[in-house]
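Please examine the sequence and the structure below before reading on.

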Amino acid sequence: MVEIVPEEQTQRTNWLFGITFVCFLVGLTRFAGLPPNFTPIIAGAIFLPLISQGIHYACLPVIVLFLTDLVLGFHSTMFYTYGSLLLIGVLAHLVRLSLVFKAVLGVLIWHLVVNFGVYVNSVPARPLLEVYVSAWPFDFRLLVSTLLFTCLFWLTERLISRRFRSVDMNASL
């Protein structure tokens, strides 16, 4: 039988708390009535693979989004939305950039992929450039919220790390 030493158990508890906190916050804010595109979903996609230290956790934000969509309803750009979040999570794990740059890159990927989905599904057809330009105000709000929630997740992780002194994170803003 394998024994779990107290430090490993504390690390596992901190890791589980971090993942639960981010998933709960992402799910809760979908129901909170925040302004359109003011959401922690991209920050969660960036931060979850970081705190879990595994690329396979990049799918958690997609799962949370899908579960909340079961209640809120589905839409025509789901494939693009889920795909962009998965891509953002995978890149956040693989690319060695600061969290701020990952947040900006994540919103850029979101803007390009999801609004391409809007273009593909728009009736009547609209020019692609028009779709991208008309999305700027919404995606600017998404950028601001992504930066704010990324900072919130980073600060929360730092407070937990200091409190328990067991999580060693090298990420910086």
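## Surface patch, helix crossing and salt bridge

Ile63 is found in helix H3, where helices are DSSP runs (H or I) of at least four residues, numbered from the N terminus. The model is predicted, so local features need pLDDT of at least 70 and side-chain atom pairs pLDDT 80 or more, whereas totals for chains, interfaces and linings use all residues. Residues are numbered from 1 along each chain as its sequence is written, and side-chain values use heavy atoms, without hydrogens and water.

A nonpolar patch on the surface is formed by Phe31, Ile63, Phe66, Leu67, Leu70, Val71, Leu72 and Phe74, which together have about 770 Å² of accessible area. Such areas come from the Shrake-Rupley method with a 1.4 Å probe. Patch residues have over 30% relative accessible area and no salt bridge, and nonpolar side chains are joined within 5 Å. Helix H3 (residues 60–72) gives the most to this patch, with six residues.

The axes of helix H2 (residues 41–52) and helix H4 (residues 78–94) come within 7 Å and cross at roughly 40 degrees.

Arg126 forms a salt bridge with Glu130, with the closest N and O atoms 3.1 Å apart; the rule requires a side-chain nitrogen of Lys or Arg within 4 Å of a carboxyl oxygen of Asp or Glu. The count comes to one salt bridge.

The table lists partly exposed residues (between buried, under 20% relative accessible area, and exposed, over 50%).

| Residue | Relative accessibility |
|---|---|
| Ile63 | 41% |
| Arg126 | 29% |
| Glu130 | 40% |

Methods
Patch = residues over 30% accessible without salt bridge, like charges linked within 9 Å, V, L, I, M, F, W, Y side chains within 5 Å. Helix = DSSP H or I, 4+ residues; strand = E, 2+ residues; numbered from the N terminus. Buried < 20%, exposed > 50% of the residue type's maximum accessible area, 1.4 Å probe, protein only. Axes fitted to C-alpha atoms, helices over the stretch in contact; angles between N-to-C directions.
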